[in-house]
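Here are a few exercises to work through with the model open beside you. Try each one before reading its solution.

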Amino acid sequence: MAVTTRLTWLHEKILQNHFGGKRLSLLYKGSVHGFRNGVLLDRCCNQGPTLTVIYSEDHIIGAYAEESYQEGKYASIILFALQDTKISEWKLGLCTPETLFCCDVTKYNSPTNFQIDGRNRKVIMDLKTMENLGLAQNCTISIQDYEVFRCEDSLDERKIKGVIELRKSLLSALRTYEPYGSLVQQIRILLLGPIGAGKSSFFNSVRSVFQGHVTHQALVGTNTTGISEKYRTYSIRDGKDGKYLPFILCDSLGLSEKEGGLCRDDIFYILNGNIRDRYQLLKQLFLQVVLVWGIRNAHSYLVGHCFLTFSVSRFNPMESIKLNHHDYIDSPSLKDRIHCVAFVFDASSIQYFSSQMIVKIKRIRRELVNAGVVHVALLTHVDSMDLITKGDLIEIERCEPVRSKLEEVQRKLGFALSDISVVSNYSSEWELDPVKDVLILSALRRMLWAADDFLEDLPFEQIGNLREEIINCAQGKK
């Protein structure tokens, strides 16, 4: 049976971050291996830097050895006390493991002002040490249990090599991906979500991975009304002069509780393939002009500049695209339709979703279900959550606060946990990171799988009518 630590995830992360972002690997546990100093030293000597964690009824205290314990040799020791989420430390100085763990004090050294007596289950320290650690002045602390961890680099060479291999495998799978039944040449994925959730940043991140360097084709920012002003469809080349990849990412205005967000009616037209690339909602354009010219002059400005060709009195900035609009596609084919919708949510904002936003998202999800469109969720900005480090991104979904966010999305919005991907977008970085790349590519692969489910579920008569169109497209015919 695997030996597990008594530390909570939070306490483990606090200790990891405090002592240099190290990963803790459990070597010894008193209640399992026995409270015998000889056994402890046999298991913990020559292991590199180690962290000893002692549990008493009221305290978590311990010692960090900056060098490997070796018999009869000195190591630099830092003492610590962890109380709630605060950690205090005090440098004990040089000490042999035999002295620190009360093995044979007379042989190697005189007693220090801090000693761990495992056999008698107690920690002995002087008043000055307790004062420096911020503890109540009781010179002896009873031990309930104690553990020793090896402190390793969070991303050692073996792990980095595994990440690079996985990245290479994902890139190969996505480059050679073919949509189900070859019904379309490129999958269309609509990125949908609240303003500022990271939709445009996700597109930039995907493009960066395939370009081999960080790119910012889609504008991103912190504007509370969103940066995206148009409906955009982005094809991505594999490298600078490579061929187009078998997917298109579609970006639009964010969802909002107030004026300025994406109109629900337009979502239907986008799904159906009726809206062309670079279409700008009249509502968004109207609101921008209002900010500059004021409400009184907005209508006359737009009419005077030929943005509106119908009566000012009939203009409604909340209306969606009209059937006779020059950007309206009358008879879209399957290749024009959306094959998968990816809802994008900022992990740090979910807890602040208003009831109006939750209702709006749930209503859109119901409409997607009725339209037969498969949809998934994307959780962004997880790397900005408290205590999350780069090393955590390798197994990010196992991190306790991330799991909590996933469950919150499931509880509030109804997504299955298996339909939620976690990513860390490129924002301020200058160089690509293979760990981030793996998260981005894994999320994209899940979207393509969802799109395959949509295509496979199409009625047989629709698929049959597409065969001739597919053959003609492949031959370059109209």
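Predicted model: local features only at pLDDT ≥ 70, side-chain atom pairs only at ≥ 80, totals over all residues.

**Exercise 1: Confidence**

**Exercise 2: A sheet, strand by strand**

Work out the strand order of the open sheet of three strands, and say whether the pairing is parallel or antiparallel.

Solution. Step one is the order: β6-β7-β8, with antiparallel pairing. Step two is the edges: β6 (114-117) and β8 (140-142) each pair on one side only. Step three is the twist, which averages 15 degrees from one strand to the next. As a reminder, strands of a sheet pair through backbone hydrogen bonds. Now zoom in on one pair: strand β7 (residues 122-125) is joined to β8 by three bridges, and the two run antiparallel. To find your way along β8, look for T140, which stands opposite I124.

**Exercise 3: The nonpolar cores**

Which residues touch the most other members of the largest nonpolar core?

Solution. This core has 90 residues, and the members with the most such contacts are I189, F202, F210, F345 and L379. Then ask where the members come from: helix α14 (residues 434-456) gives the largest share, 13 residues. Now select F345 and leave out residues up to four places away in sequence; the residues it touches include P194, A197, I350, F353 and I361. Also among the contacts of F345 are L379, V409, L413 and F415. Finally, a separate core of 32 residues lies apart from the largest one, with Y28, C45, A65 and I143 among its members.

**Exercise 4: Cysteines**

Solution. The cut-off needed here is 2.5 Å between the sulfur atoms. For C45, the closest cysteine sulfur is that of C44, and it is 7.5 Å away, so the two are too far apart for a bond. The count for the model is zero disulfides. To finish, check burial: C45 counts as buried because its relative accessibility is 15%, and C340 is buried with a relative accessible area of 0%.

Key. Residues numbered from 1 in each chain as written. Heavy atoms only, no water. Pairing = 2+ DSSP bridges. Helix = DSSP H or I, 4+ residues; strand = E, 2+ residues; numbered from the N terminus. Axes fitted to C-alpha atoms, helices over the stretch in contact; angles between N-to-C directions. Core = buried A, V, L, I, M, F, W, Y, C linked by side-chain atoms within 4.5 Å. Buried < 20%, exposed > 50% of the residue type's maximum accessible area, 1.4 Å probe, protein only. Contact = heavy atoms within 4.5 Å.
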